[in-house]
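Open the model in a viewer and keep the selection tool at hand. The stops below say what to select next and what is there.

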Amino acid sequence: MGIVGMGYVGLPLAREFCRGGMKVLGFDINKQMVEKIRRGISPIKHIPHQEIREMLQTQRFQITDNMKQLSQPDALLICVPTPLTENREPDMQYVETTCKTIAKYLRKGQLVVLESTTYPGTTRELMLPILERSGLKAGRDFFLAYSPEREDPGNKNFRTATIPKVIGGMDKTSLKKAIEIYCRAIKTLIPVSSCEVAEACKILENSYRCVNIAMVNELKMLFDRMGIDIWEVIKAASTKPFGFQAFYPGPGLGGHCIPIDPFYLTWKARQYDMPTRFIELAGEINTNMPYYVVMKTMEALNERKKSLKGSKVLVLGLAYKKDIDDVRESPSLELIELLRDKGAQVDYNDPYIPKTHKQRKYNLGMRSKGLTAAMLRKYDLVLIATDHSSYDYEWIVKHAHLVIDTRNATDKVRSNRNRIVKA
Ligand SMILES: NC(=O)c1ccc[n+]([C@@H]2O[C@H](COP(=O)([O-])OP(=O)(O)OC[C@H]3O[C@@H](n4cnc5c(N)ncnc54)[C@H](O)[C@@H]3O)[C@@H](O)[C@H]2O)c1
């Protein structure tokens, strides 16, 4: 097995194939990360170092930045990033570069599978012509398939091996070859009739979440005006044993998938003269959420005869969701920028993110502050942006002057509830 891109998706896949008794060769252009993994250090919080060491001890796992070795594995799974450009269009440079490199070393009999999330048509329209520049023919000399990753970082109920996997092949032989490979590591495989169906399936899953989260975010704002607690409403609605799936509001969408992937479809839909209205409306509502949180924060300070300008704010949680160390697209970053723009002095605490790194959009240059009772009292308000399980919310509310809670993290706090404002 060759796995190209050893990040949040590639590394867990490598682990599962290794556990399945296969020889795994990981490829990544990030030399530092390759070195780390070689020394048994996990670059991802929810993958313990011990698991990397166990993989290395089997002698079946290796990692390299030497792409000349791409011709060695029988199968190459591509798990490279698919972000958006500044203009919110698909940024396919990583997939393209990877395919160009693979084409240089492609040999007869190899299977190539794209795992990265993308618009329907990518495998056939973008990858196939690049790979065939090698002189080899898909379906005859090499095989091509698409199988979307469904990783849910931090979810303790599922691991890569137990999440059913959808697979579409460029042709029947490619699908058969892909099934033969994946069944070594994944318990349930769902073959579909084409790469396009598998690509569209992943986009549907993520658009479904994006649109439903937008709906509860909108209802949160409406119910707040009506004096109704959205969290209590969702809890009550969840008792319906059929036909209702709970989605929860928050300070905005975060992560590598939900805020980005639906816009891959929006872009593709333009080629068919179709607007994706649900997705665009959802994007509008979700993008507005950090602004809403800042407005609620200003109102709460106003009630206490204070202004946001000059106030000291501690943002709790930088990660885009609880108990992980991933800040990509995190609404906390946007919140910090908006609060600073309004003249607040902002610090953050996140047990999993000791400092911020430069990103495409943000360069905050901050370090996580320690969390003590005296520290909490120094701030005019504490804003809960990520509901990490390790936080003691009763203790936080006890020592903070004001708590803005965007995640209903303080639901079970019994004392000092007058200090809590849900936003
Ligand atoms: N993170 C998730 O939870 C998740 C879930 C489902 C799907 N996905 C999708 O999976 C894909 C990968 O996401 P990720 O979170 O693993 O990204 P990531 O940034 O964690 O990892 C990608 C890795 O690819 C490497 N890379 C980039 N270009 C390369 C090249 N040309 N050759 C070799 N390596 C290269 C990078 O150095 C990086 O280590 C994306 O399309 C994403 O949308 C991610």
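A residue is called buried under 20% relative accessible area, exposed over 50% and partly exposed in between, with a 1.4 Å probe and protein chains only as cover. Residues are numbered from 1 along each chain as its sequence is written. This is a predicted model, in which local features need pLDDT of at least 70 and side-chain atom pairs count only at pLDDT 80 or more, while totals for chains, interfaces and linings use all residues; side-chain values use heavy atoms, with hydrogens and water left out.

**Stop 1**

Select Val-421, which sits in strand β13 (residues 420–422). Val-421 counts as buried because its relative accessible area is 17%.

Next, select Leu-76 in strand β4. Leu-76 has 0% relative accessibility and so counts as buried. Between the C-alpha atoms of Leu-76 and Val-4 there are 6.9 Å, although 72 residues separate the two along the chain.

**Stop 2: the ligand**

The selection holds 26 residues, and the closest are Tyr-8, Val-9, Asp-28, Thr-82 and Arg-328. This shell has 13 nonpolar, eight polar and five charged residues. In that count Ala, Val, Leu, Ile, Met, Phe, Trp, Tyr, Cys and Pro are nonpolar, Asp, Glu, Lys and Arg are charged, and the others, Gly among them, are polar.

For His-256, an N or O atom of the side chain lies 3.1 Å from an oxygen atom of the ligand. How much of the ligand does the protein bury? Taken alone the ligand exposes 830 Å², and the protein buries 91% of that; the areas come from the Shrake-Rupley method with a 1.4 Å probe.

**Stop 3**

Select residues 195–226, helix α7. The expected span of a helix is 1.5 Å times one less than its number of residues. Just after α7, Gly-227 has a positive phi of about 75°.

Now select residues 277–303, helix α10, whose 27 residues should span 39 Å; the end C-alpha atoms are 38 Å apart, which agrees. Look along α10 for a kink of about 35° at Met-289, shortly before the proline Pro-290. The bend is the angle between axes fitted to the seven residues ending at a residue and the seven starting there.

Lys-296 is also in α10, and is buried at a relative accessible area of 9%. The side chain of Lys-296 makes a polar contact with that of Asp-224, at 2.7 Å. Such a contact is a pair of N or O atoms within 3.5 Å; within protein, one must be able to donate a hydrogen and the other to accept it, and residues adjacent in sequence count only if both atoms are side-chain atoms.

**Stop 3: a loop**

Finish at Gln-59, in the loop between α3 (49–57) and β3 (61–64). Gln-59 is not a glycine, yet its phi is positive, near 65°. Gln-59 counts as exposed because its relative accessibility is 65%.

Definitions and conventions: Helix = DSSP H or I, 4+ residues; strand = E, 2+ residues; numbered from the N terminus. Near = heavy atom within 4 Å.
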